[in-house]
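Trainee: I am new to this structure. Could we go through some of the words used for it, one by one?
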Amino acid sequence: MTIRYLFAISALFLIVLSGCDSTGPSAPAFEIVSVVFTGDSTGVSRKSETVSPVTGSNGNSLPYLEMTLVWKKPVEDRRQTFTIFRSTEPLIQSDPSEAEELQIQLDTVFADSIGLEWSSDYYYAVRAVDEWENSRWSNEVHVETPVSPFPEPRRLSYEKHHFMICSLGWNKCSDESFDFYVLLSSPGPDIEHVLYNNDTLLVTTDANTISYIDSLPENGNERFYALVTVDKHGLASYSNEIEVHPGSGIPWRVNQTFESGHDFYHEGIVSNDGAVMYLLLDMISKSSTMLMALRTQSGNCFGYRDFINIFAVAERSSGTIIASHGVYGDYSLSEYTRDLSSLVKTRHFDRRIIAMVEVPGASGILASNAYLTSVLDPDTFEPVDSLPYTFRDVAISTDGSRIFLCGSQLVCVRSSDLEYLGKIESSFNSVDYGSDGYLHCTTNNSVVRYDPYSLSQVDEFVYPFPVSSSILLAPEYRMIYLTHETEENENVIDVYDTSTGNWMGRVFYNEEFESEEYQFFLSSPAGEFLWFFTNDFFIMAMGYRITI
């Protein structure tokens, strides 16, 4: 009885041992015996039924990738499951979590066709698990997929576009088998697989065609683009897909707002570095005015000064701020630090100063009252000379050699000695020196360009409707923002290209702005943002920052 019992125990032990992972000489072979490419690299196989949405069917189907693995069971007469692993790096068994677990199955044949790339290296290994949860690894095999028969995909990109225009570009296809390009667009993503929404923008057999200009939808919705390259065999490859939002060159959404109680904004400037804006704010509840310093990125106030009345503000080349303020018979021009916390100096004047500008080179400060312009010593503010005209806005040429004073007429003087150089017998609301080298002068009805040397008119853009306020966008100075009321009694901002007269888009149409009256804009010197300031029917001063 004891001998039979021991014999039974020994037999059971051998059975269990045979199912365990073993590398001894008696262990049955467990190996992947073959990995064969069973796909189609030419497009003649009937198995591939996908047809190019661009080229249609040419009698052949499209090439596809498939690798078929075959392996032997470690134990033929035992139930086992097999897990197939794939990786682009070797030594799968050392860390299976880094590999892709493709499938768990009972068969010893597996066809892999998902996620494979042409001209790529892959490693495969199989893990067998028996009914007692004992596992064993096969050998690891390395394969390389065939070279892609498709034309090399192009790289699609787009340049910074203004308003409703998008400039697309791609790298040239130099393949000898090149046949043609197809440029597709769609209101939704995944152009390659979602076909019903696609629009064909361009079909060309010219390989040197590497750009296209498209007009974006006026409803403000995004647009998707992809370029298809087709070869002489009818094989097509898709580029990367890009998403373009209309108005990337204009602000479509407010990204900062603030309000200041029952007060009223009426003027302001932006610092030369674009980091700070200084606002003149009427404190109606206090019967006084305030000069506020705010960060242009956030709208956060970091400094202020209270005055009974403040009339004008300007920045000096040193970054300090000069402000004209006072009451009847007792007016002052004061200089403050950038954050308005400290008074640098001040001087009293008999008349109110309505505008100031520092002459390039800090040789003097021009300060205009209602009758004439005083030339002030830059260190003491002592008047040292005067000019027989006034101004409320000013522009300086790019090289700093000329100053243009905008008042009841536009007067040009030389910066070095303030010598009179000429004038334009017209009154303008504002003047800017554009990056195109021309003066841009705004009126209530138009923008007029002048040659800054001859002071002769170049052209004029007449507003298509009465406007509440306007601003020319720096540094282009060809795009103008016009605020007006629509027939539906909505206050909106429309954008026009002053060089062509074309409407470029509507910036705001949100309901929250419908009851507000737009007052004025401030833009950065580089033109990367705008702030605009409004006062609603309850005299609530609001500021909105919009990114360009």
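Trainee: Which residues do ring pairs link into a cluster?

Mentor: Ring pairs link F461, Y463, F465 and Y496 into a cluster. Before we go on, this is a predicted model, where local features need pLDDT of at least 70, side-chain atom pairs count only at pLDDT 80 or more, and totals for chains, interfaces and linings use all residues. Residues are numbered from 1 along each chain as its sequence is written, and side-chain values use heavy atoms, with hydrogens and water left out.

Trainee: Why is the pair of W71 and F82 called edge-to-face?

Mentor: Rings of Phe, Tyr and Trp (its six-membered ring) pair if their centres lie within 6.5 Å; planes under 30 degrees apart count as stacked, over 60 as edge-to-face and the rest as tilted. By this rule there are 14 aromatic pairs. For W71 and F82, the centres are 5.7 Å apart and the planes are at 65°, which makes the pair edge-to-face. W71 belongs to strand β2 and F82 to strand β3, 11 residues apart, and the pair links distant parts of the chain. Strands here (E, at least two residues) and helices (H or I, at least four) are DSSP runs, numbered from the N terminus.

Trainee: Why does W71 count as buried?

Mentor: Buried means under 20% relative accessible area, exposed over 50%, and partly exposed in between (1.4 Å probe, protein chains only). W71 has 3% relative accessibility, so W71 is buried. F82 is at 0%, so F82 counts as buried too.

Trainee: What makes the pair of F461 and Y496 tilted?

Mentor: The ring centres of F461 and Y496 are 5.8 Å apart and the planes are at 40°, so this pair is tilted. F461 is in strand β37 (residues 457-462) and Y496 in strand β40 (residues 491-497), so the pair ties together parts 35 residues apart in sequence. Both F461 and Y496 are buried.

Trainee: Which residues touch the most other members of the largest nonpolar core?

Mentor: They are I32, W71, I84, Y124 and V126, in a core of 20 residues. A nonpolar core is a set of buried Ala, Val, Leu, Ile, Met, Phe, Trp, Tyr and Cys residues joined through side-chain atoms within 4.5 Å. Two or more residues each come from β2 (67-71), β3 (80-87), β6 (121-130) and β8 (141-144). The largest share, 4 residues, is from β6.

Trainee: Which residues does W71 touch?

Mentor: Contact means heavy atoms within 4.5 Å. Leaving out residues up to four places away in sequence, the contacts of W71 include I32, I84 and V126.

Trainee: Why is E133 called exposed?

Mentor: E133 has 65% relative accessibility, so E133 counts as exposed. E133 sits in the loop between β6 and β7 (135-137), and its phi is near 70°, a positive value in a residue other than glycine.

Trainee: Why is D190 called partly exposed?

Mentor: D190 is at 35%, so D190 counts as partly exposed. D190 lies in the loop between β11 (178-186) and β12 (199-204).

Trainee: How do you know that R295 lies over the face of F302?

Mentor: A charge sits over a ring if NZ of Lys or CZ of Arg is within 6 Å of the ring centre and within 35 degrees of the ring normal. R295 lies over the face of F302, at 3.8 Å from the ring centre. R347 lies over the face of F349, at 5.1 Å from the ring centre.
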